[in-house]
Amino acid sequence: QTTTNVVISEYPYKFTKVLKYQQVTEKDTITLLCEIDDPAGDVTWLKNGQEIKPDKRVSITKDGRKRKLVIKDCKVTDAGAFACTTNADRTEAEILVQYQNRFNKKLKDTVAVEREKLVFDIELQDQTAAADWFFNGEPIASNDRIEIKNLGGGKHQLVFKKLEMSDQGEITCKSGELVSSCKLEVKKGELKPVINFGDTVDAPVTKPVIMDVPYTVEGTRQTQVEAKLFKDGKALPLKELEVAITEDKVVFTIKKPARNLSGKYQIKISNGQGEDSKDVHINMQDVPGAPRDVDVFDIFQTKCNISWKAPVDDGGSGIVKYIIERQDLSVKGGWLNIAQVPASEGTNYHCTDLVHKREYKFRVQAVNKVGLSEYGLCSKTVLAKDPWDEPSKPRDVEVVDWDKDHADLKWKTPETDGGAPITGYVIEYKEKFGNDWTEGKVIEGDVTKATIDGLKEGTQYEFRIRAVNRAGPSDPSDATKPIIAKCRFVKPFIVGEGLTNMVVKKTQVIKYDIKYGGEPPPEVAWFLNSKQIFEDLDKITIDHYEFNTVLTIRKAIRSDSGKYKLTLTNSSGTCDSIADVVVLDKPSRPSSIEAVEVRANHIKVTWNKPSDNGGSEITGYVIEKMDLETGRWIPAGETGPESPGNFKVTGLTPKK
């Protein structure tokens with residue numbers, strides 16, 4: 001037997017073709033190719049010592065003994081030391097990737113505004129390439145106003161710190177053979193605002209004052225417009241003023257205008273280039289002041305003249321008219337508008353509709369387009385009368401006689417005739433409960449008695465008299481006592497049936513309500529069984545009204561029964577009315593009760609009728625018996641109303 005050790009070693013694959021150095025440009029495809037001596041060999045690809053894995057840009061392939069690495073769309077970062085290794089060999093090569101220079105960001109045509117800052121930006125693919133700037137073909141050099149910057153990473157800037165109109169033209173950037181150009185248009189920059197507004201503003205104080213102030217700014221707008229309103233050198237604060245700025249106007253709103261705020265204001269509108277101002281007079285219009293020195297003169301019965309002075313302040317708006325008002329103090333109610341006088345017609349008015357003897361107040365209002373002023377009041381009260389007076393009222397007017405259709409009156413002359421002779425009298429009358437006085441008779445001449453006819457019978461009248469002179473009738477005299485138009489002497493009489501017989505139960509009310517007549521008014525007396533009845537304010541009341549008497553007896557008892565009489569008496573005679581009143585109650589007890597026949601089992605009882613039957617006939621008797629051992633009464637029988645009465649009680653127990 002023989003043995004041996006067999007060692008099998010992996011075949012050492014060797015490169016028969018090696019990698020070669022390459023220099024490529026960005027975006028190119030890198031192809032690395034090598035060859036080994038046996039198709040079965042495996043290789044590993046490395047970059048800078050790190051194994052390369054295939055992806056969407058990188059592919060690794062083998063074809064027989066050929067081994068290939070392909071990198072598509074290469075980047076600058078793909079540059080490095082590449083290697084391919086087998087189990088026994090290695091090949092290396094340096095790959096250099098150069099930038100593919102181009103403009104990643106080009107210049108664009110630009111419109112800019114004078115005085116503004118402008119920056120042109122470009123970006124080169126080749127971060128190491130230089131960039132040169134040109135204006136209309138001439139190189140641009142940095143100065144205090146123009147700055148050229150290399151920001152690194154291929155980014156370059158041309159900076160105009162403050163554009164001028166002369167900067168308009170062609171801007172060019174060159175990098176090697178690469179060129180990018182644009183047109184620069186420089187617009188005229190803004191000028192300061194110019195205010196286009198009038199010198200005065202008229203506005204009512206009843207609402208906020210709104211001023212639309214137009215303005216213009218020539219050139220291209222660059223800065224914010226500001227606006228302020230000044231009064232006496234001080235800007236109005238925001239709590240008093242609202243400011244709204246638009247492209248072509250400024251709207252000022254004075255929130256709480258008042259008449260005393262009228263005056264000179266200054267508008268200021270500004271921007272970054274300057275300021276424009278405008279003086280304006282703002283007339284804040286209010287209602288006028290009250291008319292002054294109102295006076296009433298040339299006063300007569302039906303007319304007077306009224307004059308006044310214009311207000312000190314017309315409210316900033318011309319007076320349009322005056323309103324005249326009058327108050328009649330003799331009637332309830334307020335002020336009455338009696339006239340409207342245009343301002344062009346002056347400051348006086350002739351009033352022609354006064355009522356004689358009435359007192360008046362007058363006042364005047366001024367009116368402008370904003371509204372009505374406070375009142376200018378005439379301080380004095382005006383009495384509508386002529387310069388002479390009416391007489392004083394007649395005195396001591398009385399009715400001396402009357403009948404059913406007339407009354408005779410007499411009176412004394414007034415204490416004063418008012419400065420003019422009395423020419424007559426007027427008799428007035430009214431029904432007692434009426435409201436209005438009626439003229440009854442006019443009497444010519446200075447007399448002191450008269451008869452007024454045409455009265456209605458049964459109507460109650462009062463009379464009064466006025467004296468008359470040139471100034472008119474006097475105040476009325478005091479009214480007379482009321483009289484009834486009727487015959488003065490009439491025997492008393494009862495209206496209706498008078499007293500009627502009456503039956504009431506105990507505790508009920510006896511009441512007679514009697515109406516009567518007679519002249520002079522009769523005296524009234526009530527009687528019961530010929531005895532006069534008087535009030536006791538508890539049980540008995542006698543109420544007297546005009547020609548009406550009421551007798552009331554409460555809680556009637558048997559003794560209130562009897563003959564009632566009403567007597568009416570005056571100087572013309574007497575009238576009586578009589579009636580019977582019965583108050584019903586239980587009868588009194590029977591009298592003279594006696595046992596006349598006593599036996600072992602019965603007894604006979606006799607009696608006489610009660611002394612008072614209670615106001616109605618006796619209808620029967622009830623007999624009761626009591627057992628002395630029990631002390632209780634029990635019915636023993638009933639019998640008729642005969643009197644004397646008797647009854648036999650049976651069923652008794654012997655010896656009880």
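Two strands are said to pair if DSSP finds at least two bridges between them, and this is the sense in which pairing is used in the legends below, which all describe a predicted model.

**Figure 1. An open sheet of five strands with mixed pairing.** The strands of this sheet follow one another in the order E11-E18-E17-E13-E14. Strand E11 (110-113) and strand E14 (138-139) stand at the edges, and because each has a single partner strand, one side of each is left without a neighbour in the sheet.

**Figure 2. An open sheet of four strands with antiparallel pairing.** Here the order of the strands is E10-E12-E16-E15. The edge positions are taken by strand E10 (103-105) and strand E15 (146-152), each of which has a single partner strand, so that one side of each is left without a neighbour in the sheet. From one strand to the next, the twist averages 25°. Within the sheet, strand E12 (residues 118-124) and strand E16 (residues 155-160) run antiparallel and are joined by six bridges, with Leu118 having Phe160 of E16 as its bridge partner.

**Figure 3. Strand E3 and the strands joined to it, E1 and E7.** Strand E3 spans residues 30-36 and is mostly covered, since five of its seven residues are buried. Strand E1 (residues 15-17) runs antiparallel to E3 and is joined to it by two bridges; in one of these pairings, Phe15 has Ile36 of E3 as its bridge partner. E3 is also joined to E7 by six bridges, and these two strands likewise run antiparallel. Lys66 in E7 stands opposite Glu35.

**Figure 4. A salt bridge between Asp78 and Arg57.** The closest N and O atoms of this pair are 3.0 Å apart. Asp78 belongs to the loop between strand E7 (66-71) and strand E8 (80-85), whereas Arg57 belongs to the loop between strand E5 (50-51) and strand E6 (58-63), so that the pair links distant parts of the chain, 21 residues apart. Is Asp78 buried or exposed? With a relative accessible area of 9%, Asp78 is buried, because the cut-off for this class is under 20%. Arg57, with a relative accessible area of 23%, is partly exposed.

**Figure 5. A salt bridge between Arg259 and Asp313.** The side chains of these two residues meet at 3.1 Å, N to O. Arg259 lies in the loop between strand E25 (249-254) and strand E26 (263-271), and Asp313 lies in the loop between strand E29 (304-309) and strand E30 (321-328), so the pair ties together parts that are 54 residues apart in sequence. Arg259 is partly exposed, with a relative accessible area of 24%, and Asp313 is also partly exposed, with a relative accessible area of 29%.

**Figure 6. A salt bridge between Lys412 and Asp396.** In this pair the closest N and O atoms are 3.2 Å apart. Lys412 counts as partly exposed, at 45% relative accessibility. Elsewhere in the model, Glu114, Arg115 and Lys188 are linked in a network of salt bridges, and the count of salt bridges comes to 33.

**Figure 7. The surroundings of Asp248.** Asp248 lies in the loop between strand E24 (241-245) and E25, and at 48% relative accessibility it counts as partly exposed. Which residues are in contact with Asp248, leaving aside its neighbours within four places in sequence? They are Val213, Pro214 and Tyr215. Although Asp248 and Val213 are 35 residues apart along the chain, their C-alpha atoms are separated by 8.6 Å.

**Figure 8. Spans annotated as "domain: Fibronectin type-III" in UniProt.** The record, an unreviewed entry, places this feature at residues 290-387, 393-488 and 589-656. Over residues 290-387 the chain is 0% helix and 45% strand, with the end C-alpha atoms 31 Å apart. Residues 589-656 are 0% helix and 53% strand, and the end C-alpha atoms of this span lie 26 Å apart.

Methods:
Residues are numbered from 1 along each chain as its sequence is written. This is a predicted model: local features need pLDDT of at least 70, side-chain atom pairs count only at pLDDT 80 or more; totals for chains, interfaces and linings use all residues. Side-chain values use heavy atoms; hydrogens and water are left out. A salt bridge is a side-chain nitrogen of Lys or Arg within 4 Å of a carboxyl oxygen of Asp or Glu. Buried means under 20% relative accessible area, exposed over 50%, partly exposed in between (1.4 Å probe, protein chains only). UniProt positions are given in the numbering used here, feature names are shortened, and annotations may be inferred rather than shown by experiment. Axes are lines fitted to C-alpha atoms, for helices over the stretch in contact, and angles run from 0 to 180 degrees between N-to-C directions. Contact means heavy atoms within 4.5 Å.
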